[in-house]
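Here is a briefing on one protein chain.

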Amino acid sequence: MKSSGEKKIAMFFEQIKKDIFPEWDKKDEWRVKNFKDDSKHINSDYLGKCDSTGKIIYLNLDPEDWKIEMLMVHEICHAQKGCKSHGDQWKKKMQEAAYRCESAGKYRLADQIRHEIENYSSKSFWIDFMKERITSKNF
């Protein structure tokens, strides 16, 4: 039986698929799981992870966290062809998602997505990110 947190995450995931990514996962093969709720518990410092092989999006956030929907959008964009990194194709998918959010009246989420794109486009962001990964030996 699913916990209330798992149910909430599943509800957000289905709503985001419907509103923002209607052409993605038409066969309903992808799932979303919380790192903390997964029995195999993936040890990760990341907030999210896209497992393209298993077709699972893992999240490492509390279902009540204000970033949960943006993180799902971020990881769903990674799940699409050619978007494993934070390169131009991923940024394009994120920008398309922001436009769809606006069309659906989800202006706050559209702003969060655009801010995420800016973060990943910033040179200083990447320098700080790499320093942190090297220092923590998780590189």
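Angles between axes under 35 degrees count as roughly parallel, over 145 as roughly antiparallel, 65 to 115 as roughly perpendicular and the rest as oblique. Helices α2 and α4 are therefore oblique to each other. This is a predicted model: local features need pLDDT of at least 70, side-chain atom pairs count only at pLDDT 80 or more, and totals for chains, interfaces and linings use all residues. Residues are numbered from 1 along each chain as its sequence is written, and side-chain values use heavy atoms, with hydrogens and water left out.

**Overall fold**

- The protein chain has five helices and three strands. Helices (H or I, at least four residues) and strands (E, at least two) are DSSP runs, numbered from the N terminus.
- Along the sequence the pattern is α-β-β-β-α-α-α-α.
- The protein chain has 139 residues, of which 40% count as buried. Buried means under 20% relative accessible area, exposed over 50%, and partly exposed in between (1.4 Å probe, protein chains only).
- Among contacts in the protein chain with a separation of 6 or more, 52% join residues 24 or more positions apart. Contact means heavy atoms within 4.5 Å.

**Helices α2 and α4**

- Two packed helices are described by the angle between their axes and the distance between the axes.
- The axes of α2 (residues 68-79) and α4 (residues 107-121) come within 10 Å and cross at roughly 55°. Axes are lines fitted to C-alpha atoms, for helices over the stretch in contact, and angles run from 0 to 180 degrees between N-to-C directions.
- The crossing of α2 and α4 is right-handed. A crossing is right-handed if the near helix is turned clockwise from the far one by less than a right angle, and left-handed if anticlockwise.
- From α2, Glu-69, Met-70, Val-73 and His-74 meet Arg-108, Leu-109, Gln-112, Ile-113, Glu-116 and Tyr-120 of α4.
- By class, this contact of α2 with α4 has five nonpolar, two polar and three charged residues. Ala, Val, Leu, Ile, Met, Phe, Trp, Tyr, Cys and Pro count as nonpolar, Asp, Glu, Lys and Arg as charged, and the others, Gly among them, as polar.
- Glu-69 lies in α2 and is buried at 16% relative accessibility. Leaving aside residues up to four places away in sequence, Glu-69 touches Phe-12, Ile-16, Lys-106, Arg-108 and Leu-109.

**Aromatic residues**

- The structure holds four aromatic pairs. Rings of Phe, Tyr and Trp (its six-membered ring) pair if their centres lie within 6.5 Å; planes under 30 degrees apart count as stacked, over 60 as edge-to-face and the rest as tilted.
- Phe-13 and Trp-24 are edge-to-face, with ring centres 6.3 Å apart and planes at 90°. Phe-13 is in helix α1 (residues 4-20), and Trp-24 is in the loop between α1 and β1 (31-34), eleven residues apart.
- Phe-13 is buried at 2% relative accessibility, and Trp-24 is buried at 12%.
- Trp-90 and Tyr-120 also form an edge-to-face pair, 5.3 Å centre to centre with 70° between the planes. Trp-90 is in helix α3 (residues 88-103) and Tyr-120 is in α4, 30 residues apart. Both Trp-90 and Tyr-120 are buried.
- One aromatic cluster is formed by Phe-13, Phe-21, Trp-24 and Trp-30.

**Positive phi**

- Asp-25 is not a glycine, yet its phi is positive, near 55°. Asp-25 sits in the loop between α1 and β1 and is buried at 11% relative accessible area.
- Lys-55 is not a glycine either and has a positive phi of about 55°. Lys-55 sits in the loop between β2 (48-51) and β3 (56-59) and is partly exposed at 27%.
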